[in-house]
Each structure stands twice: as structure tokens, then as C-alpha cells.
Amino acid sequence: METDLLSQIHFALLTFLVLLFSQSLLHKRQGLLRFSGYIANYHPVFSRHSYRIAQGLALAEALVLLMSLIPHTTLLGQSGMFALLLIYLSAISYALITGKTAVECGCGDTPLRVSGRLLLRNILLLLSATGLLCLPMQTTGVLSLAASVCAGGLLWVCYQLFEQLIRNSDLQHQLTAKSSSREGL
């Protein structure tokens, strides 16, 4: 019974991360040049190779998505998701440590400013991927699998709401900064 519950949590996390990486890949593929510009802003070293890095990250996301859905390669795909989330967390951490908070993360349709909230979001995503790797993946019944997929979809909706809160905060920060600069004139 306990193993079945843990397996359901595993499938819920897998569903959530598959939806997350699918959305991320879609945004990267639709605006690869724009995404490469975000990469170039993180560090001058990246600027010369930013387009190739963007292509590589999009390809890596596509591969880990595909591998995570194929039973024989699912562990490798899930490990790849963890690795990519660790890379993204490292880039955000580096930007924060070096004071580059004006950098856009390039993680979705609407770019987000690098901030503590974004760092927290990525830590939570990395913990989700860690849980995915630690929990058992065993066959489960159709109803249990359906419940897990629904739970994973609900996690993704909650993630979208959290993202919107971060976007709203970024917009409020921009409006406050513009208002302050006008008052100083």
C-alpha cells in the first residue's frame, strides 16, 4: 500500500515535470534567438556562443522529455531533467551572486527578472526532480495512474499561478522604478 502511494507520487511528479519541460521547450523553440540573447546576458563569455548554447539546451530538453516517457530510458531522462534544473539553478544563483538582477531568466514565454523568488522557484523544481529520482516507479492500476496524472496536472497549474505572481511582482517593481525616476525629474 505504501509503495503504491509512493509510486503515485512519483508519477504525479513525472507528469508535472513533463508538462513543465514541454512548456519550456515550446517557448525555447518559438523564440530561440530571443532565448540566446537571455543566455548572452548572464555572462560575457556566453555571448559569442549563446545561440549554440540555446540550441543545445533546447535539444537537451527535447531528449530528456523523450527519454523520460520511454520505459527503458525513463531513469536517464529523469536524471537529465535533474541535471538541466541544476544548470538553470546554477545560472540564476551566479547572476544573483554577481548582482546581475536585471538579467531576464528566459525560462518561459514572459521573461522573469532574476530574483530570490526565482531562485526559490528553481530550488523547489530541483527538489521535485530529486523526489522523482528517489521515489519508486512501479506499475500501478489505471485509476491510480489517472489520479497521479491529474495530481501532476494540478501541480503544474499551481506552478503557473506561482509564475504569474512572480511576473506581477516584476511588473510592479518596473512600474515603481519608473514612477520613482519620473518623480526625481
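1. Secondary structure. In this predicted model, the protein chain contains 7 helices and 0 strands. Following the sequence, the elements are arranged in the pattern α-α-α-α-α-α-α.

2. Overall dimensions. Taken along the principal axes, the box filled by the C-alpha atoms of the protein chain is roughly 65 × 35 × 30 Å.

3. Burial and contacts. The protein chain has 185 residues, and 39% of these count as buried. When contacts between residues at least 6 apart in sequence are considered, 72% of them join residues at least 24 apart.

4. Surface composition. The protein chain has an accessible surface of about 10400 Å². Carbon and sulfur atoms account for 70% of that surface.

5. Charge. The side chains of the protein chain include 12 positive and 8 negative ones. The centres of these two sets are 13 Å apart.

6. A nonpolar surface patch. Which residues form a nonpolar patch on the surface? The patch is formed by Leu120, Ile123, Leu124 and Leu127, which together have about 360 Å² of accessible area.

7. Leu124 is located in helix α6, which covers residues 116-134. Why does Leu124 count as partly exposed? The relative accessibility of Leu124 is 45%, and partly exposed residues are those between the 20% limit for buried and the 50% limit for exposed; Leu124 therefore counts as partly exposed. Leu124 is also one of the residues that form the nonpolar patch described above.

Note on methods
Residues numbered from 1 in each chain as written. Predicted model: local features only at pLDDT ≥ 70, side-chain atom pairs only at ≥ 80, totals over all residues. Heavy atoms only, no water. Helix = DSSP H or I, 4+ residues; strand = E, 2+ residues; numbered from the N terminus. Buried < 20%, exposed > 50% of the residue type's maximum accessible area, 1.4 Å probe, protein only. Contact = heavy atoms within 4.5 Å. Areas by Shrake-Rupley, 256 points an atom, 1.4 Å probe, with all protein chains shown as cover. Lys, Arg positive; Asp, Glu negative; His and termini not counted. Charge placed at Lys NZ, Arg CZ, Asp CG, Glu CD. Patch = residues over 30% accessible without salt bridge, like charges linked within 9 Å, V, L, I, M, F, W, Y side chains within 5 Å. Salt bridge = Lys/Arg side-chain N within 4 Å of Asp/Glu carboxyl O.
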